[in-house]
Each structure stands twice: as structure tokens, then as C-alpha cells.
Amino acid sequence: MRGPLVSVTEADEVARRCAEKMYASDRSSQHLGIEITDVAAGRARARMTVTDTMVNGHGIAHGGYVFLLADTAFAFACNTYEVVTVAAAADVVFVAPARPGDELTADAVERARFGRSGIYDVTVRRSDGEVIAEFRGNSRALPGASG
């Protein structure tokens with residue numbers, strides 16, 4: 001016989017508590033004005049506005065900041081299960097430029113969890129819906145660490 005089933009509502013409540021706890025200690029996100037606007041089991045949405053200090057010599061958002069936003073959404077999505085989970089690898093494809101003042105949203109979705117590993121896809125969009133970047137992250141849960 002299997003254990004009790006957890007409803008989506010309970011799983012999402014666990015995810016919300018995990019995100020609140022993680023964000024309280026996430027000084028990088030706080031410093032850059034990244035907001036976690038939605039979280040559910042295996043999912044997270046992060047939002048950031050590109051500032052003048054995030055622009056490179058070409059007048060567009062530095063790819064590192066776009067990557068950081070995607071990585072943040074990935075981190076919050078893979079830490080929704082009360083187990084401390086970190087990035088093992090990540091790749092990004094930059095699709096279009098972002099400019100100062102653009103509001104970017106990163107939507108992270110779990111694709112698979114197996115053992116202590118997971119695969120997550122993140123799409124970064126500008127507020128007009130245009131895709132800015134596609135990110136894939138591989139996660140690894142730390143043994144014995146609960147979040």
C-alpha cells in the first residue's frame with residue numbers, strides 16, 4: 001500500500017513555504033530586485049527589470065544578468081520539495097536582446113526528477129511576450145539536507 005496522497009494544494013503550500021524561506025536568505029535576488037511572483041511544486045516564476053547598470057558595451061542587457069534571472073527561477077523551482085537542491089549544470093541560448101527598462105519574466109518548469117537529480121526548463125520573456133532566452137538546468141539534491 002502506498003502512503004497518503006498529497007493534494008496539489010498541499011504540495012503548492014509546501015512549495016510556497018520553501019520559497020519564502022529561501023528568498024529570505026537570497027541576498028543576490030533581493031539586491032537585484034528579483035521577485036518570485038509565483039511558485040508551485042516543480043515550478044517558479046521570477047521577475048526582474050533591466051537597469052542601466054545591467055547593460056553591456058553594446059547597450060543591451062548583459063547575458064550574465066539574463067542567465068542569473070533564469071537560474072534564479074530554476075533554483076526556486078527545484079527547491080519546492082523541502083530538500084536542499086543545487087545546480088549541477090546549466091545551458092542557455094540567448095534568443096533576443098533585452099534593454100534598460102525591460103521587465104523580464106522567467107518561467108521555470110520541472111521536466112523530470114529521478115533519484116537526487118532533476119531537469120528544468122526556463123523561458124525568459126520580455127513583458128511584450130518576446131522570448132529573450134531559453135535555459136535548461138540540471139539539479140542535484142544534497143544528501144541529508146532539508147530545506
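The structure is a predicted model, in which local features need pLDDT of at least 70 and side-chain atom pairs count only at pLDDT 80 or more, while totals for chains, interfaces and linings use all residues. Residues are numbered from 1 along each chain as its sequence is written, and side-chain values use heavy atoms, with hydrogens and water left out.

The protein contains three helices and six strands, where helices (H or I, at least four residues) and strands (E, at least two) are DSSP runs numbered from the N terminus. Along the sequence these elements come in the order α-α-β-β-α-β-β-β-β. With a radius of gyration of 16 Å, close to the 15 Å that the globule rule gives for 147 residues, the protein is as compact as a globular protein of that length; the radius is taken over C-alpha atoms, and the rule is 2.2 Å times the number of residues to the power 0.38. Along the principal axes, the C-alpha atoms fill a box of roughly 60 × 25 × 25 Å.

Of the contacts (heavy atoms within 4.5 Å) between residues at least 6 apart in sequence, 64% join residues at least 24 apart.

β2 pairs with strand β1 (residues 35-40) in the antiparallel sense over five bridges, pairing being called when DSSP finds at least two bridges between two strands. These two strands form a hairpin with two residues between them, and Gly42 in the turn has a positive phi of about 75°. β2 also pairs with strand β4 (residues 103-114), again in the antiparallel sense, over seven bridges. Arg45 takes part in both pairings: Asp38 stands opposite Arg45, and Asp107 in β4 is a bridge partner of Arg45.

Finally, Glu13 lies in helix α1, residues 8-25. Glu13 counts as partly exposed because its relative accessibility is 31%. Although Glu13 and Ala40 are 27 residues apart in sequence, their C-alpha atoms are 7.6 Å apart in space.

Terms used. Buried < 20%, exposed > 50% of the residue type's maximum accessible area, 1.4 Å probe, protein only.
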